[in-house]
Amino acid sequence: MATDIITNRPEMPETLPLTVVQYRLLVEQGEFDHRHTDGQRGQIELINGRIVRMLPQGPIHCDPIDELNFWSHQVADDHFRVRIEKPIEIIELDSVPEPDIAWVTNRRYADRHPTPADIRLLIEVSNSSASFDRGEKLRLYAKAAIVEYWIVNVVTQTVEVFLQPSPTGFSQSRMHSIEETIAPQCLPSAALKISRLFSKVVE
């Protein structure tokens, strides 16, 4: 094994992280356009300076997103802008995730993507991505001070709500079952029956 002559430590491969600005430039140059033609369709995200390809979505994942989209536009359109699977920029953490649902400040975003200061609610729908959404993404969103984060788990048919973010994590979390009704803290009148998210999830 090759060693560093000065320190006598084994040489290790170095990973060079991307910044948000570098990632933005790659996107503008069309560097990721192949993701739609290489037979491995999937969402591309920048997470903690690394490019991550998410797995393609199946019907069991898409159906709750559709229902959340419908519910969000029903209850939030007069208060927030609802964005579906679109980028948010967390510049200080070198991250550009594309959450399934984001409620953001009601303005146009032709000049920039929303940042944490614009976000009132983030929702990720988890099937095969459950450990990622509840692990690295959970820590990322807490560090970014995302005020409210929901994980909709299609396997357990539950919604986990995370509040009170800090650099060390969310200090409040609660698991809600399919029989319950929940509402975001930014709009308490926007009741959501959890059962409606899974009524078409099969067999």
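**Figure 1. Arg139 within helix 4 of the predicted model.** Arg139 lies in helix 4, which spans residues 136–143; the model shown here, as in every view below, is predicted. With a relative accessibility of 52%, Arg139 counts as exposed, because the limit for that class is over 50%. The C-alpha atom of Arg139 is separated by 9.2 Å from that of Ser166, a residue 27 places away along the chain.

Figure 2. Helix 4 is mostly covered, with six of its eight residues buried. The buried residues are Glu136, Lys137, Leu138, Leu140, Tyr141 and Ala142. Their cover includes several strands, among them strand 1 (44–47), strand 2, strand 5 (119–126), strand 6 (148–153) and strand 7 (158–163). Helix 3 (130–133) is also included in this cover. After helix 4 comes Ala145, which has a positive phi near 65°.

**Figure 3. Salt bridge between Glu136 and Arg50.** The side chains of Glu136 and Arg50 form a salt bridge, with an N to O distance of 2.6 Å. This pair links distant parts of the chain, since Glu136 belongs to helix 4 and Arg50 to strand 2 (residues 50–53), 86 residues apart. Glu136 has a relative accessibility of 18% and therefore counts as buried, the limit being under 20%. Arg50, by contrast, is partly exposed, with a relative accessible area of 35%. Side chains of opposite charge can pair when their charged atoms come close.

**Figure 4. Salt bridge between Asp111 and Arg107.** A salt bridge joins the side chains of Asp111 and Arg107, at 2.5 Å from N to O. Asp111 is exposed, its relative accessible area being 58%. Arg107 has a relative accessible area of 27% and is partly exposed.

Figure 5. In the salt bridge of Asp118 with Arg112, the closest N and O atoms are 2.8 Å apart. Asp118 counts as buried at 8% relative accessibility, whereas Arg112, at 30%, counts as partly exposed. The structure holds nine salt bridges.

Figure 6. His61 is part of helix 2, which covers residues 59–76. The relative accessibility of His61 is 10%, so this residue counts as buried. The His61 side chain reaches the backbone oxygen of Val125 at a distance of 2.7 Å. When neighbours within four places in sequence are set aside, His61 is in contact with Asp100, Val125 and Asn127.

**Figure 7. The whole protein as the setting for the close-up views.** The secondary structure comprises five helices and 10 strands. Of the 203 residues in the protein, 43% are buried. Considering contacts between residues at least 6 apart in sequence, 53% join residues at least 24 apart. The protein exposes about 11300 Å², of which carbon and sulfur atoms supply 52%.

How values were computed:
Residues are numbered from 1 along each chain as its sequence is written. This is a predicted model: local features need pLDDT of at least 70, side-chain atom pairs count only at pLDDT 80 or more; totals for chains, interfaces and linings use all residues. Side-chain values use heavy atoms; hydrogens and water are left out. Helices (H or I, at least four residues) and strands (E, at least two) are DSSP runs, numbered from the N terminus. Buried means under 20% relative accessible area, exposed over 50%, partly exposed in between (1.4 Å probe, protein chains only). A salt bridge is a side-chain nitrogen of Lys or Arg within 4 Å of a carboxyl oxygen of Asp or Glu. A polar contact is a pair of N or O atoms within 3.5 Å; within protein, one must be able to donate a hydrogen and the other to accept it, and residues adjacent in sequence count only if both atoms are side-chain atoms. Contact means heavy atoms within 4.5 Å. Accessible areas come from the Shrake-Rupley method with a 1.4 Å probe; for residues, only the protein chains shown count as cover.
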